[in-house]
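Here are some notes to read alongside the model, written for someone who is new to looking at protein structures. Please keep the sequence and the structure open while you go through the points.

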Amino acid sequence: MITLCHHSDIEEGRAKGFDVNGKQLFVVKKDDQLHLYYNYCPHLGTPLEWLEDQFMDPDGVFIQCATHGALFVVEDGLCIQGPCKGKSLKAIPFEMGNGFMMVEEAHIATLGRI
Ligand code: FES
């Protein structure tokens, strides 16, 4: 298990990027819940952010790809607007323990094949 962050490390409506074993992930918090995604836009396979930890739209409501502006629902990663509408970000399973987000290395190792 790899510990990524504590629940309190991420502000509401904000996100944070992580590099785990060479794979890029990001954590986003909405309604006090954390969500973990592979940082890989289903449009062109690029990372979503241009600026460090900037994964959200200006209102902090949707995840936004900086390249062509696709918008994704925080809770399930579904693209609801943009060139990859109908496709989804890849959610990564995780566990919470004592407020810390932890992820199995096996879930990271399989990334890159989407
Ligand atoms: S690469 Fe993300 S919307 Fe085009």
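**Notes on the predicted model**

1. Phe26 has a relative accessibility of 0% and therefore counts as buried. This value, like the others in these notes, is computed from a predicted model. Phe55 also has a relative accessibility of 0%, so this residue counts as buried as well, the cut-off being under 20%.

2. Which arrangement do the rings of Phe26 and Phe55 form? They make a stacked aromatic pair, with 4.3 Å from centre to centre and 10° between the planes. Because Phe26 belongs to strand E3 while Phe55 sits in the loop between E4 and E5, the pair ties together parts of the chain that are 29 residues apart in sequence. Ring pairs also bring in Tyr37, which forms a cluster with Phe26 and Phe55.

3. The whole structure contains 3 aromatic pairs, and another one of them is formed by Tyr38 and Tyr40, which are stacked at 5.2 Å centre to centre with 10° between the planes. Here Tyr38 is buried, with a relative accessible area of 8%, whereas Tyr40 is partly exposed, with a relative accessible area of 23%.

4. How many salt bridges does the structure hold? There are 2, and one of them joins the side chains of Lys16 and Asp53, with 3.8 Å from N to O. This pair links distant parts of the chain, since Lys16 is in strand E2 (residues 15–20) and Asp53 in the loop between strand E4 (33–38) and strand E5 (63–64), 37 residues apart. Lys16 is partly exposed, at a relative accessible area of 30%, and Lys16 also lies over the face of Phe18, at 5.9 Å from the ring centre.

5. A salt bridge also connects Glu75 with Lys30, whose closest N and O atoms are 3.8 Å apart. Glu75 is found in the loop between strand E6 (71–72) and strand E7 (79–81) and Lys30 in strand E3 (residues 23–30), so the contact ties together parts that are 45 residues apart in sequence. Glu75 counts as partly exposed, at 39% relative accessibility.

6. An open sheet of 3 strands runs in the order E1-E9-E8 with antiparallel pairing, and its edge strands, E1 (2–6) and E8 (95–97), each pair on one side only. E1 and strand E9 (residues 100–103) are joined over 4 bridges, with His6 standing opposite Phe100 in E9.

7. An unreviewed UniProt entry places the feature "domain: Rieske" at residues 2–103. Over residues 2–103 the chain is 0% helix and 38% strand, and the end C-alpha atoms are 5 Å apart.

Note on methods
Residues are numbered from 1 along each chain as its sequence is written. This is a predicted model: local features need pLDDT of at least 70, side-chain atom pairs count only at pLDDT 80 or more; totals for chains, interfaces and linings use all residues. Side-chain values use heavy atoms; hydrogens and water are left out. Two strands pair if DSSP finds at least two bridges between them. Helices (H or I, at least four residues) and strands (E, at least two) are DSSP runs, numbered from the N terminus. A salt bridge is a side-chain nitrogen of Lys or Arg within 4 Å of a carboxyl oxygen of Asp or Glu. Buried means under 20% relative accessible area, exposed over 50%, partly exposed in between (1.4 Å probe, protein chains only). UniProt positions are given in the numbering used here, feature names are shortened, and annotations may be inferred rather than shown by experiment. Rings of Phe, Tyr and Trp (its six-membered ring) pair if their centres lie within 6.5 Å; planes under 30 degrees apart count as stacked, over 60 as edge-to-face and the rest as tilted. A charge sits over a ring if NZ of Lys or CZ of Arg is within 6 Å of the ring centre and within 35 degrees of the ring normal.
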